Amino acid sequence: MSLISLINASKDFGIKNIFQELDLHINKNEKLGLIGANGSGKSTLLKVIAGIEPLLEGERKCAPSLKIKIVHQDSLIKGNHSILEEVLEGCGENKELLIQFKDVSELVAKDPENNEALKQLGVISEKMDHANTWNLEQRCKEILRRLGIENLDMPINKLSGGYQKRVGLASALVGNPDVLLLDEPTNHLDATAVEWLQNWLENFEGSLVLVTHDRYVLDRVTKNMIEVDSGKVKKYSGNYASFLQQKVEQEQAEKSSNQKFKGILKKELAWLRQGPKARSTKQKARIQRIEQMKLKKTSINKGSLEIISSSRRLGNIAIETEKLLVTTDGGMDSPVLFKDFTYSFTPNDRVGIIGANGTGKSSLLDVIAGIKKPASGKIIVGETAHIGYLDQNTQDLVKERELNKKVIDFIEEAAIRIELGKKEFTASKLLEKFLFTPNQQHSPIAKLSGGEKRRLKLCKMLIKVPNILLLDEPTNDLDIQTLSILEDFIETFKGCVIVVSHDRYFLDRVVNRIFNLREKELKRYEGNYSDFLAKNEESNKSGKDLMVNKHREMDVLAEKVNNQKSTISINLRNQSINPKPRKRSFKENLELKNINKELPLLEESKNRLEIKISTGDGNIIEQSKELANLIESINKYEERWLELSDISYD
């Protein structure tokens, strides 16, 4: 069953054709991967599917009452509302109920005797029961936590662009739409969050169209592929691995067909040149056929990105760090990002830096590049070292002054003529090798896609012939073809490479040593990312076993608490048969009020601690002891509450 159909659809932007005469059907529960070179129109096609971008020609058909959610490549969120309000956008009555419940709960927490608030809370709770809103609240919190967001009350306009995109992604996932359209959802996510998102998408029951450079996600999640190429859109059955196999077979068939075509044309032309005698009136049809063959376009090999770099000698010392302490702003009294980092980077190093967002990975590259100073410690850069730094974003290309600059002018700021290897290139010729056509070279940077801007920065960096590469999230916004070529380039690059990345496939291909930044320390692992996962899983095995045992202990403790509650209730009921006319004292009443305030706080602490234990975040032995103490305190408070609440008070 087709949910969305594009029929004989065409779209262009003036001189640039996006797609022509496209027939595309998105079926129920179908999971499609959308791939193509940067600037080929993937994001535009997503917007057309969503109904946001109009067609030039053709028709878009959509099933009535279809719920569609799209997450754009860049955040489009505006306003000063809270994270929770944004995530619940589109949830209708459930959104209002959850926000009302949260506001009234805060009133009750501040003043437990506010009868009006208690009554209102009861009414809201009943409505939430009827609408099954409790499940929605839990889903919101869980999805946001998995994406690295804890504070649901923070105004959306206080967040960075990366975090705003995560909130937009969370909103789309919570909405559980019929059709989910995702444009580079893994950008700005760390590896743990990407792994979780991958599993979520695998289990998603709706239809999905996914644009991503993450080849592991693409291969695991999608069942069919759509390729956008030179204004044409073609659909392939199977996942990414299957698509690659079909492309290889297709290119081999085209090559064979082209060779055969050229052979036939050569023979026909030889016949045609034999002279007037051979070209009798009886052969007019054959002559016409030859002319048609000469005009016919054969499949032309498309230009492919060429990354060329001249080698520059790098001495025995590339970069050395000694007891580096890096803080948020370089001050000794500021929050610490990481400490005691000592390592000697060699000329042949291929190092990957991983860790959760906000831990200081980009700051490490900034320190190495000399952009940021450490709070203490030493960093020594070799005398022959020439650093090329591809930072995480393209912010310097989105400033108004830069946006109006021509592409070629941006490159010529570095050099007008460039010597690479034994050849000399003009800036224009080098740009052609980076797939920028003459028209694009003389167009403003503003007209480039996000991936094309990233490729332009890569081009400018390599012009300077570095022998140390610092790459901060290099896979963000680059298409898969460019990534593959960049990976091949790094393999043959004569120099040191330090990469910060969440892209598991990229790390598996290019690095042979990992530094995991966790709990303010950089821990070293030999091998690529898959090797790191295997070693980490092995070392955590004993911790997981301990966690299972602690969960069992928690279940036993919970059972004891429930049994004690039952015993106390029975005893109190038995006592109430012949009740003594005793009233609660003023002191006991104050004690009960205090318990009413403390119990919810203890329960909240217990819930947070259980989540930490279940995710393996922190020292599990210490956390388990703390949990046992919390449960004991809750148990005592509940016993006392039952005793005091059974005594009347005037």
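**The helix packing and its surroundings**

Tutor: Helix 3 (residues 93–110) packs against helix 5 (residues 133–146) at an angle of about 75°, and their axes lie 10 Å apart; axes here are lines fitted to C-alpha atoms over the stretch in contact, with angles running from 0 to 180 degrees between N-to-C directions. Because angles of 65 to 115 degrees count as roughly perpendicular, under 35 as roughly parallel, over 145 as roughly antiparallel and the rest as oblique, helix 3 and helix 5 are roughly perpendicular to each other. Helices are DSSP runs of H or I of at least four residues, and strands are E runs of at least two, numbered from the N terminus. Asn94, Leu97, Leu98 and Phe101 in helix 3 meet Thr133, Trp134, Leu136 and Glu137 in helix 5, a contact being heavy atoms within 4.5 Å.

This is a predicted model, in which local features need pLDDT of at least 70 and side-chain atom pairs count only at pLDDT 80 or more, while totals for chains, interfaces and linings use all residues. Residues are numbered from 1 along each chain as its sequence is written, and side-chain values use heavy atoms, with hydrogens and water left out.

The protein chain averages a pLDDT of 80, and 80% of the residues score at least 70, pLDDT being the predictor's confidence in each residue, from 0 to 100. Over residues 297–301, however, the pLDDT is below 50, and this stretch has four contacts in the model beyond near neighbours in sequence. Where pLDDT is low, the predicted coordinates should not be read in detail.
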